[in-house]
2 protein chains.
Amino acid sequence: MYDMTRLRAARERTGPYVTRTPLIRSSTLSKETGCNIFIKAELFQKTGSFKVRGMFNSLLTMSAADRARGLICFSAGNAAQALAYAAGIMGARAVVTMPEAASLTKIAATKGYGGEVILDGKTTAETYERCMAEVAAQGLVFVPSYDDVGLMEGHASLGLEILEDVPDVSAVFCGIGGGGLIGGLSMALRAAGSSARIFGVEPEVASCATQALRAGHPVHVVNGRTLADGLAPPIVGKQTLPIIAREVEEVILVSEEQIADAIRFLLTRCKLLAEGAGASPLAALRSRKWGFGEKDNVVLCVCGGNIDPARLAAVLS
Amino acid sequence: MYDMTRLRAARERTGPYVTRTPLIRSSTLSKETGCNIFIKAELFQKTGSFKVRGMFNSLLTMSAADRARGLICFSAGNAAQALAYAAGIMGARAVVTMPEAASLTKIAATKGYGGEVILDGKTTAETYERCMAEVAAQGLVFVPSYDDVGLMEGHASLGLEILEDVPDVSAVFCGIGGGGLIGGLSMALRAAGSSARIFGVEPEVASCATQALRAGHPVHVVNGRTLADGLAPPIVGKQTLPIIAREVEEVILVSEEQIADAIRFLLTRCKLLAEGAGASPLAALRSRKWGFGEKDNVVLCVCGGNIDPARLAAVLS
């Protein structure tokens, strides 16, 4: 159902541009849970999040003529940084629309990579509208930030790396924003024949996948403010939802306090700076007893580390 | 001059108990400096600092009878945690005296590992006096926290790991508290025949090594409050000073603002939580132009990550 040849090709294509991130075993978490807990330290990725994996695949498989027209995406910030970074390396123009309340760190980093930032929209839905308006007005090429098979095939390299490090992985916890990462991860695991359990995680206040799974199709949602700003798009992807529905065992909802606790734990105990989206898998893991045994290898996708220092300070205080 | 056989034996002896920490190349810092900058991520070490390397060597080479009497050290916190952790694993009693203003995180962690904490002393000199008083009163065995050859031989494993990862290392920056880590590191490099340049780093307000080098012998110092609480003992070691004098090219003094900047940089750009002592090498690196070339491999010893969340929040605000 998923084509390993395509996933391998995407990994080879993007390999020179992305970091092969480490899988770190946490003895503290392993002791706490009675199984082997591994952290996929994707916060060490270029631009501080997984998004470059897919973005490079998208840009490298696009025609040179399209790249020359200039590129645009809408993003809470991590896709914005990834597009700006990848476009910069490939000599293309990158425009991104971001919500007004976007993380200051993500805005600054996107500009730092040479991206042109348009701040517009109280909601991500409005930001999306502005993006489409710019596509029409400027003739830019729209680059999907999550809802795209090629993008997921790029993200799949993260799953292939996990399988190299723990071939007998038992379970993976991964945040769901629009579903691009968990989609790519699911593709990789299943294409390799792994039957690892896949758990999605969403903030209670931003649960577009949960609501789409209930409705049977993507639905527009209005999100509350969440520490996991990377997990709060206005709607889950059309391309990602069927994969989530088929491969993800359960989507776990986590509270803001659970996310904050997980950020603090990763920082003070593991010395890793995770953003809310990256800490959410730990929040889900710690939200209940799972019954994993001592031979189980459980991976938490810490997908990014781009959090505003001021916001982090508030979480710590 | 330094005995590689002894260093290898110490590494083998302590190997089962300590983490083989990764060396992480920073593309951002490498681009900024025009050479290859590597971070020795010792903040991932057991207990969050390098101190367990030497402490296990000390405890494993001690007689069982001595261990049975109970152990004591004085410490700003990282040696305290290391002693409590190592003693706990070996079934020995651990008492530590810590200054009244010690990091709350370090106090809590030491107790968490089963250590008995005595908070006493406005200065580390007073804490040392209290430690000696307890040795006399309780008949405990004093375990040096920096001034000891066996301890340094344990710390030397950090240097051997660096040499495995970058055999042609050009320069190493390392904080100096009492000199135990830089002493062990120097032993390892020179025993292996490396002529890498070794730079020490001290806070401007806590410069016992600088003052001892000037005087030609260890001198008691009165330290100011510093973010690098791990680099502020009352006096440099008698055993460490001759090694520092012989092997360290220069001791660089860094300001509190430079240390704070380095903590912020490591956190927001590298996603790593360094305590002040761990961030000091980066502060020194960024304090001037060094003239390293593109083939130079420069290592920053990020020796620990145990910083109070409240203090970190203040640094971020």
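How far is the sulfur of Cys270(B) from the closest cysteine sulfur, and in which residue does that sulfur lie? I looked this up and found 14 Å, to Cys35(B), which is too far for a bond.

**Entry 1. Basis of the model**

I note that this is a predicted model, in which local features need pLDDT of at least 70, side-chain atom pairs count only at pLDDT 80 or more, and totals for chains, interfaces and linings use all residues. Residues are numbered from 1 along each chain as its sequence is written, chains are lettered from A and ligands numbered from 1 in the order in which they are written, and side-chain values use heavy atoms, with hydrogens and water left out.

**Entry 2. Cysteines**

A disulfide is a covalent bond between the sulfur atoms of two cysteines. I applied the cut-off of two cysteine sulfur atoms within 2.5 Å and recorded zero disulfides over all chains. For Cys131(A), the closest cysteine sulfur is in Cys73(A), at 6.7 Å, again too far for a bond. I then checked burial, where buried means under 20% relative accessible area, exposed over 50% and partly exposed in between, with a 1.4 Å probe and protein chains only. Cys131(A) is buried at 0%, and Cys270(B) is buried at 12%.

**Entry 3. Nonpolar cores**

I took a nonpolar core as a set of buried Ala, Val, Leu, Ile, Met, Phe, Trp, Tyr and Cys residues joined through side-chain atoms within 4.5 Å. The largest such core has 144 residues, and Phe173(A) and Phe173(B) touch the most other members. A second, separate core has 25 residues, including Val52(B), Cys73(B), Ala94(B) and Val141(B). For contacts in general I used heavy atoms within 4.5 Å. Leaving out residues up to four places away in sequence, Phe173(B) touches, among others, Phe199(B), Ile252(B), Trp290(B) and Phe292(B).

**Entry 4. Trp290(A)**

I used helices (H or I, at least four residues) and strands (E, at least two) as DSSP runs, numbered from the N terminus. Trp290(A) sits in the loop between α13 (276-285) and β10 (297-302) of chain A, and at 16% relative accessibility it is buried. Beyond its neighbours within four places in sequence, Trp290(A) is in contact with Phe173(A), Phe199(A), Ile252(A), Ala284(A) and Leu285(A). The side chain of Trp290(A) also reaches the backbone oxygen of Leu285(A) at 2.9 Å.

**Entry 5. Helix α3 of chain A**

I asked how many of the 10 residues of α3 (residues 51-60) of chain A are buried. Nine are, so this helix is largely enclosed by the rest of the structure. The buried residues of α3(A) pack against α1 (4-14), β2 (36-41), α4 (64-69), β3 (71-74), α5 (78-89) and α8 (149-165) of chain A. I followed this to His155(A), which is in helix α8 of chain A and is buried at 0%. The contacts of His155(A) include Lys51(A), Arg53(A) and Gly54(A).

**Entry 6. Salt bridges**

Side chains of opposite charge can pair when their charged atoms come close. I counted a salt bridge where a side-chain nitrogen of Lys or Arg is within 4 Å of a carboxyl oxygen of Asp or Glu. The structure holds 42 of them over all chains. I examined these two:

- Lys40(B) and Glu161(B) meet at 2.7 Å, N to O. Lys40(B) lies in strand β2 (residues 36-41) and Glu161(B) in helix α8 (residues 149-165) of chain B, so the pair ties together parts that are 121 residues apart in sequence. Lys40(B) and Glu161(B) are buried.
- Glu249(B) pairs with Arg197(B), the closest N and O atoms being 2.7 Å apart. Glu249(B) is in strand β9 (residues 248-254) and Arg197(B) in strand β8 (residues 197-203) of chain B, 52 residues apart. Glu249(B) is partly exposed at 44%, and Arg197(B) is partly exposed at 33%.

**Entry 7. The interface**

I found 19 residues of chain B in contact with 19 residues of chain A. The two chains bury about 1500 Å² between them, 68% of it on carbon and sulfur atoms; buried area is the accessible area (1.4 Å probe) that two parts lose on being put together, summed over both. In chain B, Phe44(B), Lys271(B) and Leu316(B) lose the most area to chain A, together 38% of what that side buries. I counted zero salt bridges between chain B and chain A.

Methods: Polar contact = N/O pair within 3.5 Å; in protein donor to acceptor, adjacent residues only side chain to side chain.
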